[in-house]
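This report covers selected local features of one model.

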Amino acid sequence: MKRTLSLLISYMLLSSPFLAQADIVLPHFFSDNMVLQRDTDVPIWGTADRKEAVALIFQGKTYTTQADKEGKWQIVLPPTSAGGPHSITISGKNNITLNNILFGDVYLASGQSNMEWSVSKLHEAYKVAAEAKQYPNIRYFSVSKSRAFSPQTQVAKKNWQIADSTQVLKFSAVAYFFAHELYEKNEIPIGLIGAYWGGTSIEAWMSKEALSEFPKHKARVEALGRYRQTLQELEENYDQEMQKWADRSEKHDPGYAELWYSPNYNDKNWKSMYMPSTWERSGLPDYDGSVWFRKSFSLPDHMIGKDLTLHLKGIHNFETVWINGKQIGSGEGGWSRTHSIPRAYLKSGNNQITIRILDSGNQGGMQSNKEEFYISDQQHQFFLDGDWRYQSGINIHDLAAKPAPVFTGDTPMTQFNGMIAPLIPYALKGILWYQGERNASRAYEYRSLFPALIQDWRSRWKAPDLAFLFVQLANYRQADSIPQESEWAELREAQAMTLSLPHTAMATAIDLGEADNIHPNNKKEVGRRLALAARATIYNEKLVHQGPVFDSMEFLGNQIAITFETQGSPLVVKDKYGYVKGFSIAREDRQFKAAKAYILNEKTVIVYHDKMINPAAVRYGWADNPDDLNLYNEEGLPALPFRTDQWPASTDEAAE
C-alpha cells in the first residue's frame with residue numbers, strides 16, 4: 001500500500017505543470033543568429049517556474065525579473081545600436097545562452113501564397129542563391145503553419161537562418177529581395193520573420209476581437225467555440241475521411257482495373273492535351289474527377305544511371321505517378337511537390353510516365369508554367385511540357401460526396417491565433433503584407449477588413465505608428481481590352497483605399513503578373529518596390545516610391561482631363577507612338593468603352609472617345625488583367641489603377 005501511494009505521489013509531482021515548466025523556456029524565435037530591432041526597447045520573454053527569479057545578461061549588464069503566478073516573465077532590453085554579433089545569457093534554474101545575435105531592422109512578412117513563394121521556386125533561383133553568401137546579415141525565421149482556436153504562445157521549433165547559397169532558397173522571395181534592397185542601401189542587418197499560408201483569406205489572419213466588429217464574422221467565430229474536439233483532432237479526422245474518399249475513387253476507377261499505368265498499355269485511342277494546363281481550358285470543361293495522362297520520353301545520356309527527381313507544380317488536387325509501370329509517389333494538397341525516381345526505374349531509350357490526377361472541384365490538371373514541370377538530376381533539367389495522351393477515369397459525381405473540411409483558408413482567426421499571436425510583442429520595424437487574391441470575390445468587404453487588421457495588429461504590438469507596407473494585386477488571367485466589371489480591380493481599389501491610414505504604403509504589381517500564373521515569377525521587382533516604399537515612408541528618404549496616382553478630373557466638352565499626383569516625376573508612356581492605353585469611359589448609362597488617351601503635360605492625360613458625347617466617368621486598368629498598360633513615371637513605376645465613378649460594384653452584394 002505504501003509503495004503504491006509513493007508511486008502515485010511521484011507521478012503527480014512529475015506531471016505537475018509547474019515542475020514541467022521549472023526550466024526557463026523561450027519562444028523558439030529567440031535563438032542563435034536572431035536579429036533584434038535596433039534603437040528601441042526590445043522585449044525578451046518566456047516561461048519558468050512560478051515566482052522563479054530570472055536574470056538576463058547582455059553587454060555586461062544584468063537585468064532581473066520574477067516569473068508571475070502562471071510562470072510568465074518578460075525583460076525589456078534598452079535601445080541598442082545596429083551591429084553585432086552579441087550574446088545573451090538567461091538564467092534561472094537553468095541557463096540558456098544565445099549567440100551570434102545582430103541588432104538591425106526586423107520585418108514581419110505575412111499573407112498568402114505570393115508572400116510564401118520561396119526563392120527556390122523562381123526561374124533564377126540558383127543565380128540568386130549563388131549571390132546570397134555575400135549577405136550573412138540578412139536572416140530569416142519561418143513560422144510553421146499552424147491553426148488554433150485560441151491565441152498561442154509558442155511556435156514549432158525552428159532556428160533563424162543566415163542567408164547563404166543553401167538556406168536562402170527557403171526564404172520568401174518577396175521578403176528576401178526587399179531585405180536585399182535595403183541592405184544594399186544601408187548595410188544594416190535585416191531580420192525577416194515569415195508567417196504566411198497560401199490560399200488564406202484575410203479573416204484567417206484577424207483576431208477574434210477584430211472580427212467581432214463584423215456581425216457575419218462574429219457569428220462564425222462564436223460557432224468555432226462550440227466544437228468539443230481540439231482543432232488537431234478535427235483536422236486529423238478530416239484527413240482520415242479524405243483518404244477513405246480517395247481510396248474509394250481508386251477502387252472504382254477503370255484506370256486501375258485496366259492497368260492504364262502499364263508501359264504496355266495501348267493508349268492509341270486516347271486524345272491529346274498540352275501539359276501543363278488545366279483541363280477545363282483544354283478539352284474537359286465542367287469535368288471533375290480523375291484524368292490519366294501518359295507520355296513517352298527519352299532522357300539524355302548524361303542523366304541515365306542517376307537517381308532523379310520529378311518536379312510538379314499546381315496540381316489540383318491529388319496525383320499518383322508511375323515510371324515504366326512502377327509507382328514513384330503520390331501527393332495531395334499544397335502547391336509544389338517532388339517525387340524521387342530511383343535510377344533502377346529508368347532505362348536508355350524510351351520511358352513511359354503516367355500521372356493520374358484526381359480533382360474534386362475548381363481547376364483540374366496542372367496550373368503551372370512549362371519551366372516548372374521537369375525531371376532533374378540537381379544539375380540538369382529535362383522538361384516534360386508538350387502533348388500528353390489523356391483519358392478520363394472516374395467522375396466525381398459517381399462517388400459519395402467528398403468530406404467537407406472543417407477548416408479552410410477562410411476559417412476566421414485560426415492563422416492569427418496559431419502564427420501571429422505567438423510573435424507578439426517581438427519588436428518590429430514594420431510589416432510586409434501580400435494577400436487579397438482569396439478575398440477578390442468579396443472585395444467591397446475588404447475595404448473594412450483590411451484597415452481593421454492593420455489597426456488591430458498595431459494595437460496588439462502597442463505600436464500605433466508601426467509601418468505597414470503591402471502589395472497591390474498583380475494582373476492575372478487572360479488579358480482583356482474590353483471594359484467590364486472585375487473583382488480583382490475592385491480588390492485593388494480596396495487596397496488603395498487603405499492608404500488613408502497613416503504609416504502605410506503600397507507597391508503595385510499591376511504590370512508584373514502573368515495571365516496563366518497566379519504566382520508571377522518577378523518577385524524581385526515586387527521586393528524592390530516594397531523597399532522603395534520603406535525607404536520613403538520609414539527611412540524618410542526623398543525619393544519617388546510609387547507610380548502616378550489619380551488626383552482629379554475635369555470635363556472639357558467631350559474630353560476628360562485626368563490629373564495625377566506624380567511625386568514630382570513626369571508622366572511617360574511606354575509606346576513609340578505616344579498613345580496611352582488602358583483607359584475606358586462611359587456616359588450615365590454606365591456602358592464603358594475603350595478610350596483613346598494622350599499625355600497633355602507632366603501631370604495630365606486627356607481621355608476621349610470619338611463617338612461618345614457627354615462622358616461621365618473614367619476608369620484606368622480596370623480588369624483582372626488590363627491589356628498592355630503603358631502609363632508610367634520617369635522612374636519606371638506604373639500608374640495605379642483607378643475609377644472616377646462610385647457606381648455599384650460587382651462585389652457590393654457579397655459584403656452583405
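## A buried serine and its contact

The side chain of serine 368 reaches the backbone oxygen of lysine 313 at 3.3 Å. That is a polar contact (a pair of N or O atoms within 3.5 Å; within protein, one must be able to donate a hydrogen and the other to accept it, and residues adjacent in sequence count only if both atoms are side-chain atoms). Serine 368 sits in the loop between β19 (365–366) and β20. Serine 368 is buried, at 7% relative accessible area. Buried means under 20%, exposed over 50%, and partly exposed in between (1.4 Å probe, protein chains only). Helices (H or I, at least four residues) and strands (E, at least two) are DSSP runs, numbered from the N terminus.

The model is predicted: local features need pLDDT of at least 70, side-chain atom pairs count only at pLDDT 80 or more, and totals for chains, interfaces and linings use all residues. Residues are numbered from 1 along each chain as its sequence is written, and side-chain values use heavy atoms, with hydrogens and water left out.

## The second largest pocket

The second largest pocket holds about 600 Å³ of space. Its lining has 22 residues, and Ser120, Tyr126, His311, Tyr374 and Gln381 lie nearest the centre. Two or more lining residues come from each of α4 (125–132), β13 (308–313), β17 (336–341) and β20 (374–376). By class, the lining has six nonpolar, 11 polar and five charged residues.

On a 1 Å grid over the protein atoms alone, a pocket is an open set of points where a 1.4 Å probe fits, with protein on both sides within 12 Å along at least five of seven lines; lining residues have an atom within 4 Å of a point. Grid points are joined across faces, edges and corners, and a volume is the space filled by probe spheres set on the points. Ala, Val, Leu, Ile, Met, Phe, Trp, Tyr, Cys and Pro count as nonpolar, Asp, Glu, Lys and Arg as charged, and the others, Gly among them, as polar.

## Salt bridges

The count comes to 32 salt bridges, each a side-chain nitrogen of Lys or Arg within 4 Å of a carboxyl oxygen of Asp or Glu. Glutamate 116 and lysine 145 meet at 2.8 Å, N to O. This pair links distant parts of the chain: glutamate 116 is in helix α3 (residues 113–116), and lysine 145 is in the loop between β8 (138–142) and β9 (161–162).

Lysine 244 and glutamate 241 pair at 3.5 Å. They are three residues apart in helix α8 (residues 231–251), so about one helical turn separates them. Arginine 529 pairs with aspartate 511 at 2.9 Å. Arginine 529 is buried at 4%, whereas aspartate 511 is partly exposed at 26%.

Strands β26 (residues 549–556) and β27 (residues 559–565) run antiparallel, joined by seven bridges; strands pair if DSSP finds at least two bridges between them. Methionine 553 has isoleucine 562 as its bridge partner in β27. Two residues lie between the strands, and glycine 557 takes a positive phi near 65°.

Most residues other than glycine have a negative phi, and most peptide bonds are trans. Asparagine 33 has a positive phi of about 75° and is buried at 19%. Glutamine 567 has a positive phi of about 55° and is partly exposed at 29%. The bond from methionine 275 to proline 276 is cis, with omega near 10°. The bond from isoleucine 424 to proline 425 is also cis, with omega near 15°.
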